[in-house]
Amino acid sequence: MPELPEVETVRRGLAQAMEDRRIEGVTVARRDLRRPLPADFEARLTGRRVTAVGRRAKYLTIALDDDTVVLAHLGMSGRMVIDGQSPGRFARPGGAPGAHEHVVFALAGGTLIRYADPRRFGLMALADRDGLDRHDLLAHLGPEPVSPAFDGEMLAGLLAGRRTPIKAALLDQRVVAGLGNIYANEALYTAGISPRRLAANVGRGGASALAAAIRGTLAEAIEAGGATLRDHVAPNGTLGYFQHRFKVYGREGEPCPGCDCGSGVRRIVQSGRATFYCARRQR
């Protein structure tokens, strides 16, 4: 599933193509996504101008000039591509949807934005701008880890009293919004904190190091266009390359970077998710 850096990469690409452009038409090929598309989806979007393309956690937010907001989640395999810039297997000429394309937005000037999702785990919903934070898809989310307000003090407060391993706590979207398995592994390695340690035992010093590691890891990943392991591409078809900078994720048995532990990166399973770490560096 795309994590925060991948969704932010998509957001930036869509913003360039969509902001201050009018939606001249919407074609829906399938309504039965993870949530069925609203019956009035096409009618409410057609003729509206896109004022901003934003992101909340792993959700894209497309704000329109009538205070409607399109909430979009890419699910496990979804992608948004700009027609004419993405010659891959989902793009095709003309306005009709191609294979696995469920929604096509036609913008003024002839640009098409195609939403493709082979597994249909993604969704699109409509919300009002004033009530966006209270929408049921967003109301439970914790703070944005790329926000200037996200620091050690805030993270320590969020972890206080939590008797789950710190890795599981970081994946709880109520604690940190948008953080997923890849970047939790990478941040914990950078901070030198064992994924097995109880969240409540991280302490203020550990929380400060971890918050800085999370911010730094996400910033580096966003700069690299995210990580392309399977499905992620930017809207212009560009692949992410942060996967070439992984310190521990997916590197079981390989040497730990900057560490002379001798045993290399270890892999365990926590809550059904693979965890990669160095037993010597991370305490």
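Helix α1 is largely enclosed by the rest of the structure, because 13 of its 15 residues are buried. The model described here is predicted, and its protein chain holds six helices and 10 strands. With a radius of gyration of 20 Å, close to the 19 Å that the globule rule gives for 283 residues, the protein chain is as compact as a globular protein of that length.

**Overall fold**

- Along its principal axes, the C-alpha trace of the protein chain spans about 60 × 40 × 30 Å.
- Buried residues make up 54% of the 283 residues of the protein chain, while the accessible surface comes to about 12,200 Å², with 48% of that area belonging to carbon and sulfur atoms.
- When contacts between residues at least 6 apart in sequence are considered, 65% of them join residues at least 24 apart.

**Helix α1 and the residue that follows**

- Helix α1 covers residues 4-18, and at 1.5 Å a residue its 15 residues should span 21 Å; the C-alpha atoms at its ends are 20 Å apart, which agrees with that expectation.
- Just after α1, the backbone at Asp20 adopts a positive phi of about 65 degrees.

**Ser194 and its surroundings**

- Ser194 is placed in the loop that runs between α5 (181-191) and α6 (203-223), and this serine counts as buried because its relative accessible area is 8%, under the 20% cut-off.
- A polar atom of the Ser194 side chain lies 3.1 Å from the backbone nitrogen of Arg196.
- Once neighbours within four places in sequence are left aside, the residues in contact with Ser194 are Ile166, Gln282 and Arg283.

**Cysteines**

- Zero disulfides are found in a search of the whole structure, a result for which two cysteines, Cys259 and Cys261, can be examined individually.
- For Cys259, the closest cysteine sulfur is that of Cys278, at 3.7 Å from its own sulfur, which is too far for a bond because a disulfide requires the two sulfur atoms to be within 2.5 Å.
- For Cys261, the closest cysteine sulfur belongs to Cys256 and lies 3.6 Å from the sulfur of Cys261, so this pair is likewise too far apart for a bond.
- Cys259 is partly exposed, with a relative accessible area of 23%, whereas Cys261, at 19%, is buried; the two residues fall into separate classes because the cut-off for buried is under 20%.

Key: Residues are numbered from 1 along each chain as its sequence is written. This is a predicted model: local features need pLDDT of at least 70, side-chain atom pairs count only at pLDDT 80 or more; totals for chains, interfaces and linings use all residues. Side-chain values use heavy atoms; hydrogens and water are left out. Helices (H or I, at least four residues) and strands (E, at least two) are DSSP runs, numbered from the N terminus. The expected span of a helix is 1.5 Å times one less than its number of residues. Buried means under 20% relative accessible area, exposed over 50%, partly exposed in between (1.4 Å probe, protein chains only). A polar contact is a pair of N or O atoms within 3.5 Å; within protein, one must be able to donate a hydrogen and the other to accept it, and residues adjacent in sequence count only if both atoms are side-chain atoms. Contact means heavy atoms within 4.5 Å. The radius of gyration is taken over C-alpha atoms; the globule rule is 2.2 Å times the number of residues to the power 0.38. Accessible areas come from the Shrake-Rupley method with a 1.4 Å probe; for residues, only the protein chains shown count as cover.
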